[in-house]
Amino acid sequence: MSESKKPTGSAGKGKGKGKTKTKAKAKAKTKQTKQEGQAKRKKQPAKSKAKAVEAQVAEVAKALEENKPVEAETVEARAVEAPAEKSSEARSPVEKEEAGAAEAPAAEAPKDKEPVKKASAEGEEKIAEAPAAAEKSEEAEAPETEAKGEEAAEAPKAEEAPAVEKEEAASPGPLPEEKVQAAEAPAAEAPKEKEPVEEASAEGEEKIAEAPAAAEKSEEEKAPGKPAKPAKRAKAKINLNRLEMPKQTPEVRRHNFDEVATGYTYEMAMEEASRCIQCKKRNCQQGCPVNIDIPDFIKHLQQGDVEGASKVLKLKTSLPGICGRVCPQELQCEKSCTLNKKGAPIAIGRLERYIADWERAEGASSMPDIAPSTGKKVAVVGTGPSGLTVAADLAVWGNQVTMYEALHVAGGVLMYGIPEFRLPKDIVQREVEYVKSLGVELHLDTVIGINYSLDELLNGPYHAVYLATGAGLPMFLRVPGENLNMIYSANEFLTRTNLMKAYLHPRYATPIKMGKRVAVIGGGNVAMDSARCAVRLGAPEVNVIYRRTRAEMPARLEEVENAEEEGIHFHFLCTPKAFISDGRSNVAAMELIRMGLGEPDASGRRRPVPIPGSEYTMEIDTVAVSLGTSPNPLIASSTPDLETSRWGTVVVDERGKTSKARVWAGGDIVSGGATVISAMGEGRLAAVAMHQFLTE
Ligand SMILES: Cc1cc2nc3c(=O)[nH]c(=O)nc-3n(C[C@H](O)[C@H](O)[C@H](O)COP(=O)(O)OP(=O)(O)OC[C@H]3O[C@@H](n4cnc5c(N)ncnc54)[C@H](O)[C@@H]3O)c2cc1C
Ligand code: SF4
């Protein structure tokens with residue numbers, strides 16, 4: 001990384017000479033916000049002040065961690081104020097991790113063996129009404145639970161055929177002759193400078209605890225006979241309000257595909273990081289499905305060391321720029337953050353994004369050490385987040401990895417589904433390049449099940465295979481009129497728009513026809529993405545039709561709020577019964593029926609129940625059906641000994657092992673549709689199991 005490189009963009013500061021300067025600036029800014037008690041603390045020598053602050057912060061942290069009631073007036077200090085004393089402590093565990101990670105991947109395994117904590121399925125709603133879909137849809141709402149529950153119990157365990165596997169692993173043959181045919185490929189408002197925090201109290205910071213200073217206490221204890229003087233209180237405040245991230249205004253962003261949220265600046269990232277109280281009990285880390293050392297990377301940020309923070313991140317994730325943008329942190333690490341008990345949790349996702357963007361702006365890439373070669377070869381099928389995670393982990397641990405991807409570009413849903421305004425494609429490609437830089441080979445335009453069968457891979461050069469082909473098969477309502485023109489599956493709609501770049505037509509060849517009154521059926525992330533793409537493609541009116549209420553929507557809250565701000569209309573407790581033609585095979589209207597909510601179903605959400613006689617019609621001319629997806633049956637249908645569930649998902653044990661020798665699987669092909677981080681988490685578990693198998 002070049003020292004002379006000027007930081008650029010919102011993420012570009014904090015390295016080399018500029019770092020000290022900017023850090024000082026950030027610190028100065030932080031100081032501006034301080035209120036009472038400042039002068040008093042200034043009189044203390046810097047070192048003892050920092051120590052006192054640390055002790056106080058630790059005390060407050062302990063109280064918060066233990067969820068003890070904390071007294072009204074406290075300590076006025078922020079963890080960021082004591083970098084000098086903290087730095088040596090902070091570095092040692094990180095350095096230990098760094099040294100250990102490459103040398104002893106297996107040693108890390110036990111941590112990673114913890115069962116993946118599932119986020120609530122982000123998959124779309126399935127409509128109960130259609131008879132054929134009815135049974136499937138309700139069950140499909142919790143496919144992960146089902147697959148991991150009953151079926152996982154039935155699935156053969158990895159250990160069931162160790163001898164055979166070992167034998168097979170020892171004698172891989174050459175790959176059949178190359179028979180791959182190239183598949184037919186299928187003005188923003190300036191970011192607001194440090195917006196005032198919405199919920200800030202008058203003082204800007206909330207008082208959350210009161211802790212008499214230890215020294216003062218001991219003075220009192222030394223003189224038991226004397227009347228007790230009122231204890232002097234050392235004050236430390238912890239800011240309970242998170243720093244908002246600047247965004248394009250709704251009026252502006254309705255007309256472009258540029259990223260909505262523009263990211264923290266260096267100063268903002270430092271300010272947000274400074275709120276972290278460095279809990280001893282790492283609640284946030286426990287809430288992360290890939291077990292990122294969150295307190296450690298935040299500690300590096302608190303010291304202004306963005307590069308160090310990045311190194312810590314990369315120990316556990318190869319995709320920080322992606323996770324920082326699309327992971328449901330509100331249900332995972334941020335939900336578990338200690339500060340969540342009293343105020344807003346640390347904006348962990350935004351900090352993760354900041355670090356990844358900083359690295360990108362600097363043109364840097366922190367690389368892990370690659371372990372000596374194991375001499376083993378692995379094929380990874382599918383290049384979504386699950387495949388990328390397995391490929392990166394196994395490559396770092398010394399295995400030779402080749403990825404196969406059906407499309408002309410790697411990245412899976414991150415490339416063809418999630419729109420540019422939520423996840424810029426150059427960020428996905430940068431993270432794909434990072435995985436390649438670890439020595440991973442990538443074959444695009446190669447469909448396993450057509451160009452090669454799974455057995456051909458296993459009988460060829462590969463000792464093991466990881467299946468991560470996702471769940472790209474759309475579900476439909478199965479109601480009359482669903483095959484009329486201008487009714488898209490959300491998959492097709494988003495693939496045309498994002499992967500084929502229809503939003504840049506005619507610069508790109510793929511067009512997309514957009515009407516004036518659009519209906520998107522469903523309430524998940526895919527529905528939100530479809531609706532928001534329709535707005536940007538020029539539809540004057542976009543409606544989301546969802547059969548439950550806002551509270552049950554599986555989409556990320558942030559995305560629902562963004563959609564509302566962009567003028568999208570939400571219609572709750574209703575579902576289409578039929579689509580009506582304009583007489584020329586185009587959709588002109590839909591018949592809807594109102595729903596009530598009954599008893600909770602298997603997913604824990606209240607079951608929608610149609611209200612007889614409540615039918616009504618709505619005029620529309622374009623529809624995107626976004627009810628969820630299931631795995632493409634191609635590989636399963638050409639591999640008879642690969643066990644699948646009745647929903648078409650691949651059955652695995654708790655470490656991702658399938659029924660077929662030397663084959664593991666994870667991500668949406670197993671869950672039926674979940675989240676990026678759960679796909680990565682399953683990948684991590686399987687990678688550990690595969691590496692163990694390969695090196696036994
Ligand atoms: C529109 C949309 C928005 C979403 N938003 C979010 C979000 O905000 N947050 C979140 O956490 N999750 C979100 N998700 C879910 C998330 O993207 C998925 O859970 C995740 O991508 C699954 O990862 P994966 O690696 O299992 O599969 P995928 O990402 O689906 O990747 C599978 C890859 O395998 C390839 N493939 C398929 N068959 C073959 C074959 N036979 N041979 C070779 N290659 C093959 C595919 O082309 C694809 O590239 C969203 C999903 C969609 C569709
Ligand atoms: S992010 Fe939250 S839980 Fe994690 S160490 Fe910081 S304050 Fe504690």
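Helices (H or I, at least four residues) and strands (E, at least two) are taken here as DSSP runs, numbered from the N terminus. On that basis the loop between α11 (266-273) and α12 is where Q278 is found. This is a predicted model, in which local features need pLDDT of at least 70 and side-chain atom pairs count only at pLDDT 80 or more, while totals for chains, interfaces and linings use all residues. Residues are numbered from 1 along each chain as its sequence is written, and chains are lettered from A and ligands numbered from 1 in the order in which they are written.

The secondary structure of the protein comes to 27 helices and 18 strands. A residue is called buried if 20 or more other C-beta atoms lie within 10 Å of its own, exposed if 12 or fewer, and partly exposed in between, with C-beta atoms placed from the backbone. Of the 696 residues in the protein, 50% are buried.

Two strands are said to pair if DSSP finds at least two bridges between them. β3 pairs in the parallel sense with strand β4 (residues 400-404) over 5 bridges, and in this pairing K377 stands opposite Q400. β3 also pairs in the parallel sense with strand β6 (residues 464-467), over 4 bridges, and there V380 stands opposite Y466. Together with helix α18 (residues 385-396), β3 and β4 make a right-handed β-α-β unit; a crossover is right-handed if, with the strands pointing away from the viewer, the path from the first strand over the helix to the second runs clockwise.

Helix α18 leads on to ligand 1. A residue is counted as near a molecule or strand if its C-beta atom, placed from the backbone, lies within 6 Å of it. Of the 41 residues around ligand 1, those that come nearest are G382, G384, G412, G470 and G667. The elements that give two or more residues to this shell are α18, α23, α25 (634-637) and α27 (676-695). For the classes, Ala, Val, Leu, Ile, Met, Phe, Trp, Tyr, Cys and Pro count as nonpolar, Asp, Glu, Lys and Arg as charged, and the others, Gly among them, as polar. The shell around ligand 1 has 21 nonpolar, 15 polar and 5 charged residues.

α23 is mostly covered, as 12 of its 12 residues are buried, among them D529, R532 and R536. The buried residues of α23 pack against α22 (490-499), β9 (517-521), β10 (541-546), α24 (557-565) and β16 (622-625), two residues being in contact if their C-beta atoms, placed from the backbone, lie within 7 Å. After α23 comes G538, whose phi is positive, near 105°.

Ligand 2 has a shell of 15 residues, of which C276, C279, C284, P295 and C337 come nearest. The elements that give two or more residues to this shell are α12 (283-286) and α13 (294-302), and the largest share, 3 residues, comes from α13. By class, the shell around ligand 2 divides into 12 nonpolar, 3 polar and no charged residues.

Most residues other than glycine have a negative phi, and most peptide bonds are trans. Q278 has a positive phi of about 55° although it is not a glycine, and Q278 counts as partly exposed because it has 19 C-beta neighbours inside 10 Å. M486, in the loop between β7 and β8, is likewise not a glycine and has a positive phi of about 75°. A cis peptide bond, with omega about 10°, joins H505 and P506, and P506 has its place in the loop between α22 and β9.

The loop between β7 (473-474) and β8 (487-489) also holds G481, which counts as buried because it has 20 C-beta neighbours inside 10 Å. G481 and A578 are 97 residues apart in sequence, yet 6.0 Å apart in space, C-alpha to C-alpha. Not counting residues up to four places away in sequence, G481 touches A578, F579, I580 and S581.
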